[in-house]
Every structure is written in C-alpha cells, then in structure tokens.
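Student: Could you take me through one part of this protein up close? I would like to see how a single piece sits among its surroundings.

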Amino acid sequence: MITKKFLNKKKGVARFICFSLIGIFLFFIQIPFSEGKKIPIDIFITIIRRTFNDYLPYFVLLIGFLGMIDVFFIKKNFKESKTAIIMAICKAVGFLMIVMSVLKIGPSFLIKPEIGPYTVDLLGGPVGITILVGSLFLPLLLEYGLADALGVLLRPIMRPIFKIPGRTAIVAITAFFGNFALGHIGIEKMYKQGQCTGKESAIVGTGFATASIVTFMVFANMVDIMDQWNQYFILTVISTFGITAITCRIYPLSNIKNTYYPDIQPNPEPEYKTNILKNTFCEGIKSAETAPPLLKNIILQFNETLFVLGGLFTSGMFFMAGALIIKDHTNIFTWIGCLFWPFLSIVRIPDMSIAIDACGISILDSMLTTSVGANALQEGLPLAMTTRYFLAILPISMIVFFSGFIPCILSTEIPIKLHELVILWFIRVTLTIFIVGIYGLLFL
C-alpha cells in the first residue's frame, strides 16, 4: 500500500518538475513569432495589446480609480507619515491627470498628444499589460520549487557578492529576460512571504530589475554599435551588476533595515556545503509540496497586482507627465546633466555636450537617454565610439528613472523612499561614467 507521505513526495516531484519547466518555457525560451522570436509571455502581451489597443486608456482610468479606492478607503495608510501624505496627494493629482488626458479636457500643456495621452498609452501598454499578464504566471517561477532550488546553487555567489539570498536570482533573471516591473512584483512577493528581508528586496529591486536583454539590442541599434554586440553586451552586464555589488554596501541601501516583512514568519533559505545537487532537488520538492494550488495562487497574484497597478498608474502619471511638462518648458534636465561634468571630464568622455544632456535626461526616461545620441547621428554629427557605448550602456546600468521604474517600485511594499531612489540614480550614473570612460581610454 502506498503511504500518504509517498503520495505527497510524488506530488511534490511532479509539481516541481512540471511547473518549473512550464515557467522556464514561458519566460525564457524564445519561439518564432511574426518576423522574429519572442518569449511566450511577450507573445501573449503583444496579442493582448494589439487586440485591445483602443481600450487601453480606459483600462488605465479604471485601474487608476481602483488605486484611489485602495489609498483612501481600503488601506487608509495615507496618514501614517509625511511621505505617505505626499505620495497620496501625488496619486490623487495623477488620477485627475489621467481623467483629463483620457477625456481630453483640461489645460493644453497636459492634454497635448506628446504629454498626457502619450503617458497614458505608455502606462496602459508597455507597462500595465506587461505587469498584469506577466505577474499572473510568476507563481510558476516563485512558488513551486524553482526559486528555492536555484537558491541552493547560487547562494555561494549571490550572498557574498550582492548580500542577497540565492533564491532571489530567479527574480533577477526574470527581470533580465522580461521586464523590470516583473522583477518588482516578484521580489515584493518574496519579501511578503518572509523569503527575504526588506534590505534584500531593495537591493534586488534597484540592482537587478533593469531593462530586458531585448532592450539591449534596441539601444545598441540606436547608436549603431550592433556590429560590436558581444563587446557591448559583456561591458553592459559588468557595469550593471558590478555597480550593484558596490551600491549594496553603501548608502542608501546600507541604511535600510535588514528585517522581515511585519507579522510574517521568516523563511530564510538553508545553507548547504555538501551534497549541493541533491539538496537543490530536495529544496525544490519541499517547496512544491507545501505550495497552494496553482489556480489559487494565480487568483491571489491577480488581486495583489491590481492594487500595485492602481498605485503605479496614478503616481506614474504624476511623475511622468509632470517631468515631460517640465522638459517641454525648461532646460532643467540640461542643468541636472551639468552635475556630472566633473566626472565626465576626469575620464575624458568625448562629445561632452551630448553626454551631459544624456545624463540629465536619464532621470526621466531610459529611452530618451540613448535617443540623444541617435538624434545626433541622424543630424550627421560624428560620435566617438566611447560616447556611443556610454549612451547605450547608461540607460541599462543606471536602472532608476521616473517613466515607469520609480512609480512601479514605490507602488510595491519594498521599503525604499523616493529620495533614496534619486540618490541611487546619481550614484549609478556616476559609476557608469567611470566604468565606461576607463574602458574607452584603454580599449576604444
């Protein structure tokens, strides 16, 4: 007679293997689609965006309304601190901006196509649908053993270098192949389940949730260095994760409390020094055995994601559209870029005016950073190879920017503040200048 324990073990093995393979296929395996190749999750997202493109502004409006209900009637946490009050006001103003942009009523500086409507379209499509669809399948990677199994294998690397659990590697990989927002959703889930601390979640959310590998190619093409792909890709990875190894040890990340989510039983990953492969498999099975049913997990994830999106849409509209309005009427981003002139001068980055503009505008949007160089090339201006590398690497290695990243991470419960994100942006831009500049002096 087969014992109940054996049945549970058999169930755990089946869950671990099947769900992990499905998750790997959906998030990491490229298959033919249209005229190229995409991962299956991206195919689902593309189809949904094409099908419902005309309705996306109303999707943003509806979810933004849900975000207002969450802030003022469900959580009611807007009075907890001065920061919470300020963020609540920003979200309320952001929701009003969404309403005006969708209905096309209000001041001309907001409802002009390249400001309000553009921001709503960006939130609804590339950001919103990606988060909603991608997050529904995240349990396949996080809940059924794959994250815990990878934790056993990668702990000897992740813990000493980046001060984070090995199991968080799956979130970093997901963001790398998918979207920074999926990284934020994934690491928040691990934090709220006691699998990592607040400091560890902040390190992952600000150090690994960068642009996807597909976006690497976009940036390389924009400044015409795709013929040097291998060199560019390696330097980008070294810059991005090398800087993370530094920022995890200094302010502001070093000052974040290394505590678990309130009222949650901590579930730190075990440390194994022998029988690594055997324990890898055993940890995966153990996690899969105790995980809730997949459908229940998906429903829970859907509910959590809707509220994250509500905060993202409202605060994102405020910051993104507001920044675009400022850019449209002032030279403030050029002035911000001047802060980096001393560092650019030390490593002798060529094309100084273009590099300064790119550094300043980078806080607003990653794509705008590289477009500074793309526009210069279109106008027939010669750009040095070091400058091209810098303009293609910076939007990835800096990680932090207002048009998506900052609103997204602030909409989660990852314990990091707005001013800390701005400080991290400055540090990461500065370190990128030195890494690319020194590489350019030696090899380009």
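Predicted model: local features only at pLDDT ≥ 70, side-chain atom pairs only at ≥ 80, totals over all residues.

Let's start with helix H4, which covers residues 82-103.

Now look along the helix for its buried residues. Among them are Ala84, Met87, Ala88, Lys91, Phe95, Ile98 and Val102. An α-helix has 3.6 residues a turn, so residues three or four places apart point the same way. What do the buried residues of H4 pack against? Their partners are H3, helix H5 (108-111), helix H6 (116-136), helix H15 (294-329) and helix H21 (405-410).

Asp70 counts as buried because its relative accessibility is 7%, under the 20% cut-off. Setting aside residues up to four places away in sequence, Asp70 touches Lys75, Lys76 and Phe307.

Finally, visit Ser362, in the loop between helix H18 (352-361) and helix H19 (366-378). With 0% relative accessibility, Ser362 is buried too. Its side chain makes a polar contact with the side chain of Trp425, at 3.0 Å. Beyond its neighbours within four places in sequence, Ser362 is also in contact with residues including Thr369, Leu394, Met398 and Val429.

Methods: Residues numbered from 1 in each chain as written. Heavy atoms only, no water. Buried < 20%, exposed > 50% of the residue type's maximum accessible area, 1.4 Å probe, protein only. Contact = heavy atoms within 4.5 Å. Helix = DSSP H or I, 4+ residues; strand = E, 2+ residues; numbered from the N terminus. Polar contact = N/O pair within 3.5 Å; in protein donor to acceptor, adjacent residues only side chain to side chain. Expected span 1.5 Å × (residues − 1).
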